Amino acid sequence: MLLEGYTKEFVRPECRPEAQSVHLIAHLDQDISEVIPYLNAALGGFQYINDPPCVSFRLHGKLIAIHSRKICINALSDLSEGEKIVEWLRQEINDIWERRGEIQPRFQSSPKPKVLEILRLLPKTNCGECGQPTCMVFATQVAEGGKDSGDCPPLDGERKSKLAKYLGQFEFEPL
């Protein structure tokens, strides 16, 4: 077992104290640097950095960053959601570490969604119903994993399904 334990720290975004979401930082008891390229390969990392080792994932509208000694998860609806995700990650880290002989480590990032492709699929009304001033800002947040197709109220069924399909090729969904 590579990762035995961690301590959790929940924080509210300092830049937006009115935000309803919370963030979780799990401070790891062990250094997991060696498993990070394997996690990138097995879980389809969104962004990979070699030095210092870090892999980021987009998962269910959240950004998750795994570093050598910490795991950061943003936009949690509540504390229990964060606890479930970090415990799932602990199990995945240990499972992937045990199976590392079967996995080819990957030392590069996965392809990312293109902002202009996302914008092409949006209604381009700049209505602000998503909470953003323009559709371009919204598309940028979608490409970065902070928003998804369900966050655009005027997006109709056909365009919504096309956008979800486009974004689906860039996301890892656990079984």
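In this predicted model, Val22 stands opposite Leu76 in β6, and this pair belongs to a set of five bridges that join β2 to β6, two strands running antiparallel. These two strands are part of an open sheet of six strands, paired antiparallel in the order β1-β2-β6-β5-β4-β3.

- From one strand to the next, the twist averages 15 degrees.
- Strands β5 and β6 pair in the antiparallel sense over three bridges, and they form a hairpin in which two residues lie between the strands.
- Within this pairing, Ala65 stands opposite Cys72 in β6, while the bridge partner of Ile66, also in β6, is Ile71.
- Helix α1 packs on the sheet, where it touches β3, β4 and β5, and the direction of α1 makes about 25 degrees with that of β4.
- Strands of a sheet pair through backbone hydrogen bonds, in either a parallel or an antiparallel arrangement.

**The nonpolar cores**

- The largest nonpolar core has 30 residues, and those with the most contacts inside it are Val35, Leu39, Ile64, Ile66, Ile71 and Ile73.
- Two or more residues of this core come from each of β2 (22-28), α1 (36-43), β4 (54-59), β5 (62-67), β6 (70-76) and α2 (79-98), and the largest share, seven residues, is given by α2.
- Ile73 is in contact with His23, Leu24, Leu63, Ile64, Gly82, Ile85, Val86 and Leu89, when its neighbours within four places in sequence are left aside.
- In soluble globular proteins, nonpolar side chains tend to be buried together.

**Ser56 in strand β4**

- Which strand holds Ser56? Ser56 has its place in strand β4, and with a relative accessible area of 15% this serine is buried.
- Not counting residues up to four places away in sequence, Ser56 touches Gly45, Phe46, Gln47, Ile64 and Ala65; of these, Ile64 is also listed with the residues that have the most contacts inside the largest nonpolar core, and Ala65 is the residue that stands opposite Cys72.

**Salt bridges**

- The structure holds six salt bridges, including one in which the side chains of Lys8 and Glu83 meet at 3.7 Å, N to O.
- Because Lys8 lies in strand β1 and Glu83 in helix α2, this pair ties together parts that are 75 residues apart in sequence; Lys8 is partly exposed, with a relative accessible area of 40%, and Glu83 is likewise partly exposed, at 35%.
- Another salt bridge is formed by Arg99 with Asp95, whose closest N and O atoms are 3.0 Å apart; Arg99 counts as partly exposed at 30% relative accessibility, and Asp95 as partly exposed at 34%.
- The side chains of Lys162 and Glu158 also meet in a salt bridge, at 3.3 Å from N to O, and both residues lie in helix α5 (residues 157-168), where they are four residues apart, about one turn of the helix.

**Cysteines**

- How many disulfides are there? The count comes to zero disulfides, where the cut-off applied is a pair of cysteine sulfur atoms within 2.5 Å.
- For Cys127, which is in no disulfide, the nearest cysteine sulfur is that of Cys152, 6.2 Å away; Cys127 is partly exposed, with a relative accessible area of 40%.

Key:
Residues are numbered from 1 along each chain as its sequence is written. This is a predicted model: local features need pLDDT of at least 70, side-chain atom pairs count only at pLDDT 80 or more; totals for chains, interfaces and linings use all residues. Side-chain values use heavy atoms; hydrogens and water are left out. A nonpolar core is a set of buried Ala, Val, Leu, Ile, Met, Phe, Trp, Tyr and Cys residues joined through side-chain atoms within 4.5 Å. Buried means under 20% relative accessible area, exposed over 50%, partly exposed in between (1.4 Å probe, protein chains only). Contact means heavy atoms within 4.5 Å. Two strands pair if DSSP finds at least two bridges between them. Axes are lines fitted to C-alpha atoms, for helices over the stretch in contact, and angles run from 0 to 180 degrees between N-to-C directions. A salt bridge is a side-chain nitrogen of Lys or Arg within 4 Å of a carboxyl oxygen of Asp or Glu.
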